[in-house]
Amino acid sequence: MSETSAPLPERWQQLAAYGGSPSSPHPIPVAQVLLDDEDIAAVVEVLRSGHLRAGRVCEAFEEAFAAQVGARYAISVSSGTAALHVAYAAVLAPGDEVLVPAFTFIATASMVSAVGARPVFCDVRPDTFTLDVEDARRRITPRTRAIAAVHLFGNPADVAAIQALAQEYGLTIIWDAAQAHGARYQGQDVGALDDLVCYSFYPTKNMTTGEGGMITTNDPELYTRCRRLRDHGQVDRYEHVCLGYNYRLTDVMAALGLRQLTRLPTWIARRRAHAQYLIRALQTLPGLHIQQEQPGGEHSYNLLTVALSPEHFTQDRDTFVALLRAENIGVGVHYPRPLHHQPLYRETYGSWQLPVAESLSRRVFSLPVHPGLSQEDLAAIVRGVRKVVEALHV
Ligand SMILES: Cc1ncc(COP(=O)(O)O)c(C=O)c1O
């Protein structure tokens, strides 16, 4: 989007980046924390009590979370990354291999490495953007111990196919549901799935505690192991039976989590309605390929993610995104690099060919669908995307 002395094409003159009026009169954030007075009062009450560490409020949050997703147990932790670290540590040994989609947030893979195991990167599907189970199957070796399946952007992974593969090879499944609070598969919340489900409560997620996370499971043995790992491998005061960490949440954060949890179903309904509105309006535009909802699944729309088909546009994704931002539309790029191309993993896996993950990382951008959007915001998002598509199409 460099300045040029040549006259601007007429269709560019409407763009806010080139002097047109922006599609939204105010910046629309890609994510927004929703806090009401009761949320704040609940946090203040804990502060006033002086009991700030993990205590009865964390326990109440765990019970309420488990009940809401339909799991037997929930373990609160200090972040989604901590949830993954604990879950992997509970089931993996050094040298184990774990099938991980290459198109996800770094922690899905890096916490595998943190326990001395090896992420084996797999490609994703071009329609749902989640794990390509047939590609994963081809990468199974005698060392494969687990599948890390991600419900990416809130879209449930291909749960039935992943479960079938796991059963065939005796693999444990760790679901990364960091972006998928409230997502469902065949009518059931994804938090009720076996073996371990990991959540994040980072502020951009469907519900937040600031930083924070949760693990759910139906397995009493895994529950016990995860609780120990969260708390220094401790089984009794100052009795440590295994290596562990301090990954406890605090009652201050749990008070917020409890409140946010009660509003989650309403928020998910709004996210889904916002996504459906945008999909209806945008799906007929040329060159936009919107993430498809998993058949049998209910996407919880942490983000609405779109891949550009480059043959339809004169400019690349980064220019497209810069022009949309100038329209006051908050846009994210998740993720600009597949994990096998990250400096952390490039040396080992850089020559691997994972064509869909590589292609998506060059083509995707994410639009806001959070519950804080107004009808005017949604209309402005549609206007902005249309304007940029019209300006850039070939
Ligand atoms: C897919 C995925 N996994 C794991 C995480 C890690 O969660 P946290 O940021 O709470 O550590 C995130 C959060 O960004 C995520 O999006």
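Analyst: Strand 12 and strand 14 (residues 304-308) run antiparallel and are joined by three bridges, where strands are DSSP runs of E with at least two residues, helices are runs of H or I with at least four, and both are numbered from the N terminus. Two strands count as paired if DSSP finds at least two bridges between them. This is a predicted model, in which local features need pLDDT of at least 70, side-chain atom pairs count only at pLDDT 80 or more, and totals for chains, interfaces and linings use all residues. Residues are numbered from 1 along each chain as its sequence is written, and side-chain values use heavy atoms, with hydrogens and water left out.

User: Which residue in strand 14 stands opposite H289?

Analyst: That is A307.

User: And what is the strand order in the open sheet?

Analyst: The three strands come in the order 12-14-15, with antiparallel pairing. Strand 12 (288-290) and strand 15 (364-367) are the edge strands, each pairing on one side only.

User: Which helix lies across strand 12, strand 14 and strand 15?

Analyst: Helix 9 (residues 317-326) does, running at about 20° to strand 15; contact here means heavy atoms within 4.5 Å, and angles run from 0 to 180 degrees between N-to-C directions of axes fitted to C-alpha atoms, for helices over the stretch in contact. Helix 11 (residues 355-363) also packs on the sheet and touches strand 12, strand 14 and strand 15, its direction making about 55° with that of strand 15.

User: OK, pockets now. What volume does the largest pocket have?

Analyst: About 420 Å³. A pocket is an open set of points on a 1 Å grid over the protein atoms alone, with protein on both sides within 12 Å along at least five of seven lines, whereas a cavity is a set where a 1.4 Å probe fits but cannot get out; lining residues have an atom within 4 Å of a point. Grid points are joined across faces, edges and corners, and the volume is the space filled by probe spheres set on the points.

User: Which residues are closest to its centre?

Analyst: Of the 24 lining residues of the largest pocket, F105, S200, Y202, T204 and K205 are the closest to the centre.

User: Why does the largest pocket lie between the domains?

Analyst: Because domain 1 (10-32 + 264-392) and domain 2 (37-259) both give residues to its lining, with domain bounds from an automatic or database assignment.

User: And the largest cavity, what volume?

Analyst: The largest cavity has about 70 Å³.
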